[in-house]
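Got the viewer open and a selection box ready? Let's walk through this one stop at a time.

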Amino acid sequence: MQRAAKCLPSLQGPAAWNRILPAPLRPQVLAEDLTADVTIIGAGFAGLSAARRLTQIDAGLKVVVLDALPIAESSAGRNSGFMIDLPHELTSEDYAGAGDDKSLIALNRQAIHFAREAVDEYQIDANYFDPAGKVNGAASVKAAAHNESYAQHLASLGEDYELLDQRQMTELTGSRHYLGGLYTPGTVMLQPAGYVRGLATGLRRAGVSVFEESPVTSFSKQDSGWLVATPGGKVSTGKIILTINGHLESFGYERDRLMQLFLFAVMTPELDNDAMMKLGGQPRWGITPSDPMGTTLRRIDTGQGGNRIVTRTCAVLKPDMRLTQAHVDRAAAVMQDKFDRRFPKLAGLKMEYRWAGHLCLSMNGVAVMRELEDGVYSGCVQNGLGTARGTLTGMGAAELALGIESDITRHFGSEALPKKLPPQPFRELGANLVLRWKEWRAAEE
């Protein structure tokens, strides 16, 4: 049996987090036929975490990692870099989860610990892994009520938090836009491209073969395992781990069960001294909106790629995983307006970068981390939580492939299958109408 890719990753705009770092070395492209014990398809948070977990379990394994794009140019280098330990359910009103939140918190912290150890082991720049915590910003009375509700939920779990007033939010961000905020200390703020590049470099030094610009076009069953094909070479492998998030559907798995969602972001140019004086506030912070459909903001400094502000909002469902420049332009205009309203002293500052990132969600919020067929394992469907959830599903897929049971495999192994989605065209039309309505409702956030 052969599984051929229906489509390959195609993302609009540059991966700005990658572009603001020093230029990487020339991509290492697969240009020969190889053999491997395990081949990982996808070199984002999940794929690179899977590779590291495999080497932890058995340092003698021959592991190959393949990605269609250069390292950190895919969605891993396009997210906002919040590695969150607490419940962060995007479909809820206030992020509170619907299940066993204490168990999920413990797993998220396991992922953060795994990542922290990788930073130390691979000597990744500490600026790319900043345990600074984050703030849920509230710009309306309704959003402040969401924060109060979430704070009560955290109190019931015995978790630390601090409610911030408008003065404290202004001192933090330099903006008077927010009425208040909810600070939680456990989130790690990543420079996502720097962290992912550091993982790939460390894995290569540890003997893992990581290939970029080597898209997998198909894989097929053979007597001794599987044959993975790319344009430049093939890999004969005993097992496959798929860490390709929504592109799982492209290979024929979970069809009509995965929501292919795209979010958008913009980044300022390097702020000069005059702009920073006008802005005020602290040099590093991260704000998620109290309403999950609101606007995410980050301010970074020279240690993370320059003194800049990142704005992220707007979402569109595209089942075919294909965007146009018009989608990016529309979102960029919305984000420019949101930036101008938050920072009127910098209003009109033209953004240097604008881009889209690909998310994958299931209707019932479950991941797909299991054995899909004999010798093929999945660490996919992160539900918009790619840093922590991707790390966990990558670790779990590696453990499954080597027959190891853990808290991670038990958690994801007990989840239901993704629910079937409504048929087209109702799926795309209906979902995007709902997204636009929620976007409008959360306009101030």
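What follows is a tour that starts with the whole chain and then moves to single residues and pairs.

**Whole chain**

Before you select anything, keep in mind that this is a predicted model. Show everything as a cartoon and you'll be looking at 11 helices and 20 strands. Along the principal axes, the C-alpha atoms fill a box of roughly 65 × 45 × 40 Å. How does the radius of gyration sit against that of a compact globule? For 445 residues a compact globule would come out near 22 Å, and the protein has 21 Å, so the two agree.

Switch to a surface. The accessible area is about 17600 Å², and carbon and sulfur atoms hold 52% of it. Of the 445 residues, 57% count as buried. Contacts are worth a look too: taking those with a separation of 6 or more, 76% are between residues 24 or more positions apart.

Now colour by charge. There are 47 positive and 50 negative charges, and their mean positions lie 4 Å apart.

**Stop one: Glu373 and Arg3**

The salt bridge count for this model is 20. Start with Glu373 and Arg3, whose side chains form one at 2.8 Å, N to O. This pair links distant parts of the chain, with Glu373 in strand 19 (residues 371–373) and Arg3 in strand 1 (residues 2–4), 370 residues apart. Is Arg3 buried or exposed? Its relative accessible area is 16%, so Arg3 counts as buried, the cut-off being under 20%.

**Stop two: Glu159 and Arg109**

Next, select Glu159 and Arg109, another salt bridge, this time at 2.6 Å, N to O. Glu159 sits in the loop between helix 4 (141–157) and strand 7 (162–164), while Arg109 is in helix 3 (residues 101–122), so the bridge ties together parts 50 residues apart in sequence. Glu159 is buried at 16% relative accessible area, whereas Arg109 is partly exposed at 35%.

**Stop three: Arg204 and Glu212**

Move on to Arg204 and Glu212, where the side chains meet in a salt bridge at 2.9 Å, N to O. Colour the two by accessibility: Arg204 is partly exposed at 23%, and Glu212 is buried at 7%. Asp85, Arg109 and Glu159 belong to one network, joined by salt bridges that share partners.

**Stop four: Lys338**

Select Lys338, in helix 8 (residues 325–342).

**Last stop: Ala275**

Finish with Ala275, which you'll find in helix 7 (residues 273–279). Ala275 is buried, at 11% relative accessible area.

Definitions and conventions
Residues are numbered from 1 along each chain as its sequence is written. This is a predicted model: local features need pLDDT of at least 70, side-chain atom pairs count only at pLDDT 80 or more; totals for chains, interfaces and linings use all residues. Side-chain values use heavy atoms; hydrogens and water are left out. Helices (H or I, at least four residues) and strands (E, at least two) are DSSP runs, numbered from the N terminus. The radius of gyration is taken over C-alpha atoms; the globule rule is 2.2 Å times the number of residues to the power 0.38. Buried means under 20% relative accessible area, exposed over 50%, partly exposed in between (1.4 Å probe, protein chains only). Contact means heavy atoms within 4.5 Å. Accessible areas come from the Shrake-Rupley method with a 1.4 Å probe; for residues, only the protein chains shown count as cover. Lys and Arg count as positive and Asp and Glu as negative; His and the chain ends are not counted. The place of a charge is taken as NZ of Lys, CZ of Arg, CG of Asp or CD of Glu. A salt bridge is a side-chain nitrogen of Lys or Arg within 4 Å of a carboxyl oxygen of Asp or Glu.
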